[in-house]
Amino acid sequence: MIEPLRHKKTGVLIMLMIFLLVMSCAPKGRAPVSQLDTPEHHFAVGMKLLNQEKFGDAQREFGLAIELDPKYAKAHAGVGLARAYQADYKGGFAALDKAWNSADTDEEKLFIHIGYIRINTLSHAYCMQVGTVCKRVDKDWLDVSRGEFDKALQIDPASSAAYYYMGLCYKTALDVGQASQMFSKVLELKKEYISEADQQWNLMQKIQRAMPGSITGKQIAFVEKITRADAAALFMEELKIDTLYRKRTLKTFDTGFKNPEKAAVKQKAAVLPADIVNHPLKSDIEGMIEIGVRGLEVYPDGLFRPNDLVERAAYAMMIEDILIKVSGDSGLATRFIGSPSPFPDLRSDLPYFNAVMVVTTRQIMGAQDITSGEFVPMGPVPGADALLIIRKIREALKI
């Protein structure tokens, strides 16, 4: 009886030694230096900084939380988000994987599932922008995000965060209908992300009203500020301006005498601006240069500057020029010169005043700020607004 008992005590002692060895090898957090030096406080500050787009500072706060508690899962996930917002998607996914290995509670797991949706969306949006394929992002990226969304709802069916970030995911996938449903659910839940979801839902409704017909149009619809290249693409692909000009503008014929020798000399092809040669919207820009629209010409230095932002006043001048050429009414160019300005921020002696009046009196464009009545001429033109304006032109021209 003594021998079995001795073996039993030995086994218990060995297990205790193994446990102590494992505990001694586990990472130890540093000691806090003040009452606010806690993992929870640093995590909360990190999330606040993340929402303020101070991603480097946010990553530092998450790192401080991890120093205090190396197994703090939400802090590791926070590091992943901060890295992803700084375009380090590989590092972001790695931090999320580490967070998952440390997660114990449903709250932590829910946060990580949403984190995977967010980084998946960010990385795919980046790949779309640069036209390349990123690691951990493939053709099934949307299905992967849906899977994470379903797992999140299994934990909390009323998670506003899950619905909101899945809405952004569908928005990135250009699925306006599904995105609208996600944002609508956030508004229905009346919890978190109310103002953000309301803004996104209104944008989805605007895009649906604009009804972009081309892939490029659908992509530009989500752009917050269109560029000169975007404007060229919208006029070519959504307004079909080349076809419109052929049908609506008067043809002119040069019947004057031509010297046979000079006529036989082939003219040199026009040199394209150097800054559009490798641009993805080169064909649209080239078409607009050939057609010639005021505000989208080549600059005197020979450049087009496709990435320059388009201001509302400049967009109004482009629309005015199109209306003049299509209608044949050259009087539009001076119709409102000398008229008083109905806008508090628009003087009647400004070079774009007439253009603004032309588009606003036809209700193609309107005041940017309804409460103050300001036109905001130097303000940007969102993609959805640009598309709605083109739709109004089509309606006005009965296209």
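## An exposed loop residue

K190 is exposed, with a relative accessible area of 69% (buried means under 20% relative accessible area, exposed over 50%, and partly exposed in between, using a 1.4 Å probe and protein chains only). This is a predicted model, in which local features need pLDDT of at least 70 and side-chain atom pairs count only at pLDDT 80 or more, while totals for chains, interfaces and linings use all residues. Residues are numbered from 1 along each chain as its sequence is written, and side-chain values use heavy atoms, with hydrogens and water left out.

## Two positive phi angles

K190 sits in the loop between α9 and α10 (194–210) (helices, H or I of at least four residues, and strands, E of at least two, are DSSP runs numbered from the N terminus). Its phi is positive, about 55°, although K190 is not a glycine. Most residues other than glycine have a negative phi.

L174 also has a positive phi, near 65°. You will find L174 in the loop between α8 (160–172) and α9 (176–189), and it is partly exposed at 26% relative accessibility.

## How α7 meets α8

The axes of helix α7 (residues 141–155) and α8 come within 10 Å and cross at roughly 170°. Here axes are lines fitted to C-alpha atoms, for helices over the stretch in contact, and angles run from 0 to 180 degrees between N-to-C directions. The crossing makes α7 roughly antiparallel to α8 (the term for angles over 145 degrees).

## Salt bridges

Side chains of opposite charge can pair when their charged atoms come close. The count comes to 12 salt bridges (a side-chain nitrogen of Lys or Arg within 4 Å of a carboxyl oxygen of Asp or Glu). In one of them, the closest N and O atoms of D57 and R60 are 3.1 Å apart. These two residues are 3 apart in helix α3 (residues 55–68), so about one helical turn separates D57 from R60.

K74 and E107 form a salt bridge too, at 3.0 Å from N to O. This pair links distant parts of the chain, with K74 in helix α4 (residues 73–85) and E107 in helix α6 (residues 106–130), 33 residues apart.

Note on methods
Angles under 35 degrees count as roughly parallel, over 145 as roughly antiparallel, 65 to 115 as roughly perpendicular and the rest as oblique.
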